[in-house]
Each structure stands twice: as structure tokens, then as C-alpha cells.
Amino acid sequence: MKFAGKVIKYKDNVDTDVIIPARYLNTIDKKELASHCMEDLDKTFASRVKPGDIMVAGWNFGCGSSREHAPIAIKESGISLVIAKSFARIFYRNSINIGLAILECEEAADRIQEGDEVEADLTKGIIVDKTTGETFTAEPFPPFIQEIISCGGLIEAVKQGKIQ
Amino acid sequence: MTQKILAKHAGLTEVKAGQLIFANLDMVLGNDITSPVAVAEYGKLGFDGVFDTKKVAMVMDHFAPNKDIKAAEQCKMCRTFCREKHIENFYDVGKMGVEHALLPEKGLVTAGDVVIGADSHTCTYGALGAFSTGVGSTDMACGMATGKAWFKVPSAIKFNLTGKLNPWVSGKDVILHIIGMIGVDGALYQSMEFSGEGVHSLSVSDRLCIANMAIEAGGKNGIFPVDDLTIEYLKAHGNKPYTIFEADEDAEYTAVYDIDLSTIEPTVAFPHLPENTHTVSSIQDPIYIDQVVIGSCTNGRLEDLRIAAEIMKGKQVADGVRCIVIPATQKIYSDAMDEGLLKIFIDAGAAVSTPTCGPCLGGHMGILAKGERAVATTNRNFVGRMGHPESEVYLASPAVAAASALTGKISEPKEVL
């Protein structure tokens, strides 16, 4: 799976309360959730994000609540991939389960800047910053998790009998 | 200890950190925010019924009693699903409580269980010697359908507790102290295992509070050994058979921390991360507050209300402070009424609410305006957590929260007693 897009960058400990504030959790409508994505951290996000854009962040991205609405809102907003130094564990598994692509790479998250054009290959774990020409290698997912991702998420994996 | 529970539930003799396994589930939990997403995902799976109607629980606690029409629709969706699937543990207004206070009270979770819940504070039940962890709605949907979940076996950090807590210091101060020490990702992907002779001096309520906030250090779970107090608690709350697992003497840990409980002081986490901890005694300039919330899955148990009431008895909430007390379950509410605690709160000028998660996550029942500041016995103080993005939450114990309600600024109990 390959991705290419412009980078929107945030810092450490981006929590699920700022990704999608609880006051909007009275709906499961994906479009509505996406319209409030990142609102309490960055009011401009929802209006400036373009399909395919890549989100880059620091340590412990997605910490806090287990709300799957957070990766759903990010995915629905058009973000194709999130690269972070580390992910909070529930956000990590939620992203895999719903088919939001994520990559953990400290160096890439440090070096890549807001607005850079980035390409990434999820299977190989290769990240290329087209703006600076730098290449980074992320830890690829174990085969089991790649299987869930290649099915398109946990629901499809269970339906296809890949998980039992 | 975590690894042994997971191995047993995966049908394996042993597991190693990093290993990916499928484990059988003893309980799958959801609330009125996460369950609607799970119900929608469940519908895509094509299963007729849930794997076990006794092993699924849905609790309408976050935006219930319904705060608006959309919240009401979400609860209705859960209600309909539970009725159709004959789910036995559906808890609606009048019977519900804050989920992580309710499940142990009802005896639905016990030592040796593997529990997943579509709520990050599901790690609470580790206090009873269970492996329990928060997951998302899709995991909940697949868990309800298949009775299994995938896990990456965590490595473990050991917290060796010695000594005893001083008066007016509680489990909340212990866990805030630990999060301040290791940071909000200090236990990322790992199990936080509490052990040592100091454990036995902690009440089950304190242990529930400590395990509850393991997630605030990034932990996969927090877990306590099972002792006489645990067994006494389990026997008093239902008759679900339990299994005791013990950590091996030579168990491997990525880190070991020694904590002398007698050295822990009343501790507060400043905005906007639970790791920004300070002892109350170290606060130089007064921090004035607008609101106090005493409740939540972290600190809404009867023991917590008793502490707050002891401090507030015969006194008045400071002018300009709104104090909201939320017993976490109907039983706690009823017991607090019988013990006269609710009267103490009301006489002091506090509001007493029906059980709800409400203000903890900025849902309802105590939202903060721009620039307002609250002391809360809840678990998170992220930007906008209790309301306006420019409001502030200071996390504290019931004792500190009650004392602060009386003085109008962050205070230690000894300042008002």
C-alpha cells in the first residue's frame, strides 16, 4: 500500500479529546465527526486538509480515550496516513482495526516538516520526504497485522475467516 | 501475572512479550458512546447472536440520562440491540452506574478473567486480579460476535509498594505520583504490575482507583495480586468463580520501581496532562477554582464519598465555587443516602447528581466556560476535557477536592480540619 500527500504536523501527546472532542460523540456520522476533527487543537484543520494528506506527530499520538471516533474522524477527513514517533496503544489497534494506515518512525517524525510532500510504502515501511529528498525506514508491521490491514480492517478479516 | 492469564485464555502453556495471540473473553463491555459504533460494525459481520448473552455488558452512562436528542438516539440503538440479542447485562438509567464502578459491584468481573471494554478505563478490573484492557468499538463488535480478541502480549513494569499511606492520602495520590514519575507514555504498550507488602494495606477501592489510571501512563493494563481483601470483596459481590494467578519469583520486568507509600503526599495533576503532577504542599501561589467535581470511575465509590463527606461535614462550599458530587452507581447513591453522606453534601451547598460520567469528559452536568478552572477527582485533564478548550482541570483525590471546595483554592485536607 502506497501513499503520497502533503504533511500536516502536530506535536507530542495529541490526545483523542482534541482529535474529536467528546461533545461531538453524540453521533456516529463519519462526515460530522470529520468536520470537527482536531478542532480544539487546530481550528483550521478541517478546512485545509486535502484528500491524501499525511499527518505527522510526536510521541504517544492518540493517547486517552478508546473512542474509535478519533481514527474514524481522521480517516474520514481525508488523511491517508499518520506517521508518529509512537502511538498510544488503543489508538494503534483501533487504526489497524478500521483500516487507517499508521507508521511509527521517530526519525521521520522529527525531520519531516509541515507542508512537505511525502510518499510512503506501508508494506516496506519506507517513507520518502520528496521536499528534502530524505528517506526513512519504519518498523514494518508483523504479518498478522498486515493481514488485517490487507483485508481492509478487522471486520473484513473476521468475515473472511482470517481470524478465528 | 498478565502473561499467565493471557496464556491460559489462549490455550497455551506460556506466552512471551511481543507474541500475538487470540484470547477467549470472559466479558465484553461497551457504553452509550462506543457501543453504537460497535453495533453498526457488528451488523456488517453477519452473525446472528452474540457469543454469550451473559458475557456482554452495555452500560448507558456517558451521556445518560440523555443530554440531548442525539444522545437519546444512541442509547435507543443500544437498548434495541440488547433486547434483540437477549443481552443480559444491559444497564439503563435507574439501574446503571459509571461502568467501571458498576461491573465489579455487580460481580460481573473477577480474578483471572480476560475482559475487554470499549472504554479506555476498562483497565480498572486489574485491581481484582483480572487482565482487563480498553479497546475500540470494532474490537467490541468482533468480541461480541466471536468471544475472542487479538492481543500483543505486553512486557511488564513492576511497582514494588512498601509502607502505608498517611491519613488523607489515597490511591489517587499514588497513581498520580506514579504517572508524574514515569510520564503519560511511561508504560506504553506495557502491563503495570503492582506488588509488594504495601499492596495489602491498600483498600480494594484504592486499588481500583490505581488500576483505573494505568491507561494515563499509556499502560495496556494495571494489575494487582489477589489477597484476602480481594477475595473478601469478590465474595461480597456476586458468586462468579475466580482463578488466582501469581507472578513468578523470577518473572522478567523491563523496569522495577520501589515506592514507599508513606512518602506520598496529596498530589495534583495540573493542566493539561496527568503527568504534570505537584504535591499540594509545593503550591506557592493560590490556585483559585470555579468548580469541584467529586465522582467518576476513578473516584466515585462509597469510600471516596465518605472521605469527602468527612471533610465537608458541617462546613460550607466556598462562595463562587460550584461543587458537584456524583455517586458512581445507584447502590453507592443509596448507601450514601443511608449513611447520611448526601445530606452532608447538600447541607454544605453541593449539588448531588444521579450516576453519570457527564462532566468528566465534558459531556454534561458540569461543563466549564472559557477561562474556568476545576478540581476534579476524574482521570484526564487534556485541553477541553471538561468543556471550553480554554478551561482547566486539576486532577486530585476526593480529600483534596473536598478541601478545595471549602476554601475555593487547591488545598490540602489539613487546611480545613
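A polar contact here is a pair of N or O atoms within 3.5 Å. I kept that cut-off in mind for a helix start in chain B. The model I looked at is predicted.

**Entry 1: start and end of α8(B)**
I checked the start of α8(B) and found a side-chain oxygen of B:Asp227 within 3.1 Å of the backbone nitrogen of B:Leu229. I then looked past the helix. B:Gly238 follows α8(B), and its phi is positive, near 90 degrees.

An α-helix has 3.6 residues a turn, so residues three or four places apart point the same way. I turned to the face away from the buried side.

**Entry 2: chain A against chain B**
I moved to the interface. Chain A gives 44 residues to the contact and chain B gives 53. Together the chains bury about 3900 Å², with 61% of it on carbon and sulfur atoms. I found three salt bridges across this interface. I noted B:Arg385 with A:Asp17, whose side chains meet in a salt bridge at 2.8 Å, N to O.

Elements giving two or more residues to chain A's side include α1 (16–19) and α5 (89–98). α5(A) supplies the largest share, eight residues. By type, I noted 21 nonpolar, 12 polar and 11 charged residues on the side of chain A that touches chain B.

Notes
Residues numbered from 1 in each chain as written. Chains lettered and ligands numbered in written order. Predicted model: local features only at pLDDT ≥ 70, side-chain atom pairs only at ≥ 80, totals over all residues. Heavy atoms only, no water. Contact = heavy atoms within 4.5 Å. Buried area = accessible area lost by both parts, 1.4 Å probe. Salt bridge = Lys/Arg side-chain N within 4 Å of Asp/Glu carboxyl O. Helix = DSSP H or I, 4+ residues; strand = E, 2+ residues; numbered from the N terminus. Nonpolar A, V, L, I, M, F, W, Y, C, P; charged D, E, K, R; others polar. Polar contact = N/O pair within 3.5 Å; in protein donor to acceptor, adjacent residues only side chain to side chain.
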